[in-house]
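I have opened my notebook for a slow look at one protein model. Come along and check each entry against the picture.

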Amino acid sequence: MIRTLFIFLCLLITPAAAQERVPESQLEINLTFAPLVKEAAPAVVNIYAQRVVQSRSPFADDPFFGGMFRDFRTRPQVQNSLGSGVILSADGIVVSNYHVVGQATDIRVVLNDRREFEADVLLGDEEADLAILQLRDAAAMPHLTFRDSDTVEVGELVLAIGNPFGVGQTVSSGIVSGLARSGTANGSGRGYFIQTDAPINPGNSGGALIDIRGQLIGVNTSILTRSGGSNGIGFAIPSALVQQFVEQARKGNTEFQRPWLGISGQDVTFDLAAGFDLARAGGVVITAIHPQSPFAAAGFAPGDVILSVDDQPVNTSAEMLFRMSVAGVGQPVRVVYQRDNGEQAAEVTLITPPDDPPRATTELGRAEVLPGLVVANANPALIAEFDLPLFVEGVIVLDTGPFGRRVGLSSGDVIRAINGFEITAPDQVGPAMQAAAPRIQITTLRGDRRITLRFRT
């Protein structure tokens, strides 16, 4: 009883004693982030972007009402976005989020010394939510240096610098509260994130997450929230991926090239780990391999469990793709995997999805049933472009044309049959529709759904 009372009194007394303690050294008196912020802040910019969008009637794609609103005219609308960015080089290379500058027609970048620059998007990717900009007429710009995000540890002190709510540049502090977060952020970004409790609010997107040495470890992208406010869980895109984006932009790429793995896999859960005789849950088990996959060329087989890539452990499919994306297309990576209760290693050279067999693209002419419809043979390049199942075969819709959209077709649909006639080649689509007219039934695959479209000519 006495011991319990003593502990309770200590808990009451300790906070007050800590507040009244006199600093014991000059270092404690001078403890501040101010010198760090003064050095890093000039490289963090505010971004104002505009884009012109043509609004459409909500009935435009409706098979029944669409014809009634065919000539319905709408005025172009200007959409504004506000965000942050980070200068990465003296010649004015800037990184921001895709949702801030993607498809913008006018981009204005304002430094914290109030200088303004126009900027152009060199490379953008909605999936990663990253965009690389080039400032016009920029020279000797302040910029941040990269730190390898693989060296970041949970518990490190970090600062988030940006322009939340458009109030001007602000700084918030926190720690790295988690690593290897995937699929948890709100926004357009998907993949692998650094988690921090430093507040990241609207407008902070694209800003810098720096360590206590002022090095860039990530680009702030989104928060996890139910109320719309910052709840202490923010996400930043690791610097390693940002570096790969900058490299590709400098090479002249306008779209980010991701390695094509050509495999499907499943994250190894606790139950699966026991079945594969693994010491812990983690890794990705290969469930299927495309014949053209670089993993097939390296000797992998279904049932192999991928454990690490370039000596970095992988626990999810998103983390594995992140590791491959950081390495870059054309580079070899060392993959450690388990097969038959033993670990093995192999070198996999990363490739882009092969555009083979040839697409044999076909566009239907004006005299045909759906003029302007563009279709092509399924191949790995198109499967990756439209995010289709790995082993899809048949004919893929590249462009619906003005009439294909009205009957319900969408880009990425796989046409399987027309009035029961199996479609295996693009040049079969037009003749099959002509033969089936006036009542046409198209059987398609949209993702993993089978859809039947019926219309009259």
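Which side chain meets that of R147 in a salt bridge? I looked it up: R147 pairs with E156, at 2.8 Å from N to O.

**Ground rules**

This is a predicted model, in which local features need pLDDT of at least 70 and side-chain atom pairs count only at pLDDT 80 or more, while totals for chains, interfaces and linings use all residues. Residues are numbered from 1 along each chain as its sequence is written, and side-chain values use heavy atoms, with hydrogens and water left out.

**Entry: salt bridges**

I reminded myself that side chains of opposite charge can pair when their charged atoms come close. The structure holds 14 salt bridges.

I went back to E156 and R147 and found that both are buried. The scale I use is this: buried means under 20% relative accessible area, exposed means over 50%, and partly exposed lies in between (1.4 Å probe, protein chains only).

Next I looked at R136, whose side chain meets that of E118 in a salt bridge of 2.6 Å, N to O. This pair links distant parts of the chain, 18 residues apart: R136 is in the loop between strand 6 (130-135) and strand 7 (157-162), and E118 is in strand 5. Helices (H or I, at least four residues) and strands (E, at least two) are DSSP runs, numbered from the N terminus. R136 has 39% relative accessibility, so I filed it as partly exposed. E118 is also partly exposed, because its relative accessible area is 42%.

My last pair was R108 with E116, where the closest N and O atoms are 3.4 Å apart. R108 counts as partly exposed because its relative accessibility is 35%. E116 is at 48%, so it is partly exposed too.

**Entry: pockets**

Rolling a probe the size of a water molecule over the atoms shows where empty space is left. On a 1 Å grid over the protein atoms alone, where a 1.4 Å probe fits, a pocket is an open set of points with protein on both sides within 12 Å along at least five of seven lines; lining residues have an atom within 4 Å of a point. Grid points are joined across faces, edges and corners, and the volume is the space filled by probe spheres set on the points.

The largest pocket holds about 1,600 Å³ of space. It is lined by 41 residues, and E127, R258, L321, A384 and D387 are the closest to its centre. Elements giving two or more residues to this lining include strand 9 (192-196), strand 13 (263-267) and helix 9 (380-385). Which element gives the most to the lining? It is helix 8, with six residues. Sorted by class, the lining has 23 nonpolar, nine polar and nine charged residues. For those classes, Ala, Val, Leu, Ile, Met, Phe, Trp, Tyr, Cys and Pro are nonpolar, Asp, Glu, Lys and Arg are charged, and the others, Gly among them, are polar.

The second largest pocket has about 260 Å³ of space. I counted 18 lining residues in the record, with A378, F391, V392, E393 and G394 nearest the centre. Eight of the lining residues are nonpolar, six polar and four charged.

Most residues other than glycine have a negative phi, and most peptide bonds are trans. I went looking for exceptions.

A cis peptide bond joins D356 and P357, with omega about 5°. P357 sits in the loop between strand 18 (342-349) and strand 19 (362-363). Another cis bond joins A437 and P438, with omega about 15°. I found P438 in the loop between helix 11 (429-436) and strand 24 (439-446).

Q103 is not a glycine, yet its phi is positive, at about 65°. Q103 lies in the loop between helix 4 (98-101) and strand 4 (106-110), and it counts as exposed because its relative accessibility is 56%.

Note on methods: Salt bridge = Lys/Arg side-chain N within 4 Å of Asp/Glu carboxyl O.
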